[in-house]
Amino acid sequence: MGYPLLPTQVIPIAFLLAWLGTCVLFDLRTRQVPTLLTIIPLILAAAWRLFQGGWQLVLLTVALTLLSDLPQAKWRVPLGCCTAIIGLSIAGSPDEVYAMFVIFAVLALWEIGATGGADAKIIIALVLLFANGLLFIPIVLIGGVQGLVALIAQRKTIPYTVAITLGTAAWLWLGVVR
Amino acid sequence: MRFLRDQRAIETSEVAVIIAVVVLVAYGAYQLLGARIAEVVRDVAGRL
């Protein structure tokens, strides 16, 4: 905490929030986010992470994505766990360890149907972009509050992309970006 | 690829609340016990 944003970071962050806002708009209208709106940022974030030297995170993401195509769940789950453990063993820093936990957790949640593919890709793109899994904490906290509101109101009307956007904005506002 | 093609976006539900609680508990445990766990790991590594 306590790393103020630099003026040079304002424009990329504006683009980031504009992208997330667009995802929310699509989500509100159709309960889907177009593939291009999630895959292109995911690829760009992976390229940025590779450029920054964080190949371990990209490798884990690619490996888990490929494993998700295995036809039988009895192979996907153990192989996914083994891949995550191997990934953790080659992590370059504690931040990368948190990031790997989040990538694995998000893909596991998608695998069991607890989250949609669009939400999962957006979160993984953000984690790859910032290489910091702590970003996940404000997202899930806001998602939890949204969930409570939905439960109390007995309506499921709040898309999770709203939590992702607000959580990311909160995380950036707290000045965690280094 | 199945994951990359999936366009679904979920609405928040009880699952989101459960995930939030699990993450809060895990983060709280890490804050409370993290230093102690690191100490134990260092101690074991030292003995080895």
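Student: Is the crossing of helix 7 of chain A and helix 8 of chain A left-handed or right-handed?

Tutor: In this predicted model, the crossing of these two helices of chain A is right-handed.

Student: At what angle do helix 7 and helix 8 of chain A pack?

Tutor: The angle between helix 7 (residues 136-153) and helix 8 (residues 160-173) of chain A is about 135°, and their axes are 8 Å apart. Angles over 145 degrees count as roughly antiparallel, and helix 7 and helix 8 of chain A are therefore oblique to each other.

Student: Which residues of helix 7 and helix 8 of chain A meet?

Tutor: Helix 7 of chain A brings A:Pro138, A:Ile139, A:Ile142, A:Gly143 and A:Gln146. Among the residues they meet in helix 8 of chain A are A:Tyr160, A:Ala163, A:Gly167 and A:Trp171. By class, this contact of helix 7 with helix 8 of chain A has ten nonpolar, four polar and no charged residues.

Student: How far apart are the axes of helix 2 and helix 3 of chain A?

Tutor: The axes of helix 2 and helix 3 (residues 55-67) of chain A lie 7 Å apart, at an angle of about 145°. A:Ala46, A:Arg49 and A:Leu50 of helix 2 touch A:Trp55, A:Leu57, A:Val58 and A:Thr61 of helix 3.

Student: How many residues of chain A are in contact with chain B?

Tutor: An interface is often sized by the accessible area lost when the parts come together. Counted by residues, 34 of chain A are in contact with 22 of chain B. Helix 7 of chain A gives the largest share of the chain A side, ten residues. That side has 16 nonpolar, 13 polar and five charged residues.

Technical notes
Residues numbered from 1 in each chain as written. Chains lettered and ligands numbered in written order. Predicted model: local features only at pLDDT ≥ 70, side-chain atom pairs only at ≥ 80, totals over all residues. Axes fitted to C-alpha atoms, helices over the stretch in contact; angles between N-to-C directions. Helix = DSSP H or I, 4+ residues; strand = E, 2+ residues; numbered from the N terminus. Parallel < 35°, antiparallel > 145°, perpendicular 65-115°, else oblique. Left-handed = near helix turned anticlockwise from the far one by under 90°. Contact = placed C-beta atoms within 7 Å. Nonpolar A, V, L, I, M, F, W, Y, C, P; charged D, E, K, R; others polar.
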